[in-house]
Amino acid sequence: QVMILLSQPSEIEKVRSMERELFQVFKEFDTDKSGSIDKEELGQAMLRMGKQMTELQVEEMIMRVDREGNGTIGFVDFAA
């Protein structure tokens, strides 16, 4: 069913639109424009959203989504 839905132009455009919106959010988190979100950037982003986190909490959050194991969140990790 997923393949059928994605083969329809309107569904493809919806997915692309969602990806663009998600990428915009990613770019807001990636303040140094490095292409990845490090623990400082993630901590600051969470703070801007009203969530104070300890350094350990931020590191644990990154570890849960960091597929490459480099201590940062790339867009693929962010979008997953």
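Let's start with Ile 73. Buried or exposed? Buried: its relative accessible area is 5%, and the cut-off for buried is under 20%. Keep in mind that this is a predicted model.

Where does Ile 73 sit in the chain's elements? It belongs to strand E2, which covers residues 73-74.

Now its surroundings. Set aside the neighbours within four places in sequence. What does Ile 73 then touch? The list reads Phe 26, Ser 36, Ile 37, Leu 42, Ile 62, Val 65 and Phe 78. One more distance for this residue. Val 15 lies 58 residues from Ile 73 along the chain. Their C-alpha atoms are 21 Å apart.

Step back to the whole protein. How many helices and strands are there? Five helices and two strands. Reading from the N terminus, the order is α-α-β-α-α-β-α. The radius of gyration is 15 Å. The globule rule gives 12 Å for 80 residues, and the model is well over that, so the protein is more spread out than a compact globule. Along the principal axes, the C-alpha trace spans about 45 × 25 × 20 Å.

How much of the protein is buried? Of the 80 residues, 22% are buried, and Ile 73 is one of the buried residues. On contacts, take pairs at least 6 apart in sequence. Of these, 35% join residues at least 24 apart. The accessible surface comes to about 6,000 Å². Carbon and sulfur atoms hold 58% of that surface.

Next, the pockets. Rolling a probe the size of a water molecule over the atoms shows where empty space is left. What volume does the largest pocket have? About 170 Å³.

Which helices supply at least two lining residues each? Helix H3, residues 39-48, and helix H4, residues 55-65. H3 gives the largest share of the lining, with five residues.

To recap. Ile 73 is buried at 5% relative accessible area. The largest pocket has a volume of about 170 Å³, and H3 supplies the largest share of its lining.

Definitions and conventions:
Residues are numbered from 1 along each chain as its sequence is written. This is a predicted model: local features need pLDDT of at least 70, side-chain atom pairs count only at pLDDT 80 or more; totals for chains, interfaces and linings use all residues. Side-chain values use heavy atoms; hydrogens and water are left out. On a 1 Å grid over the protein atoms alone, a cavity is a set of points where a 1.4 Å probe fits but cannot get out, and a pocket is an open set with protein on both sides within 12 Å along at least five of seven lines; lining residues have an atom within 4 Å of a point. Grid points are joined across faces, edges and corners, and a volume is the space filled by probe spheres set on the points. Helices (H or I, at least four residues) and strands (E, at least two) are DSSP runs, numbered from the N terminus. Buried means under 20% relative accessible area, exposed over 50%, partly exposed in between (1.4 Å probe, protein chains only). Contact means heavy atoms within 4.5 Å. The radius of gyration is taken over C-alpha atoms; the globule rule is 2.2 Å times the number of residues to the power 0.38. Accessible areas come from the Shrake-Rupley method with a 1.4 Å probe; for residues, only the protein chains shown count as cover.
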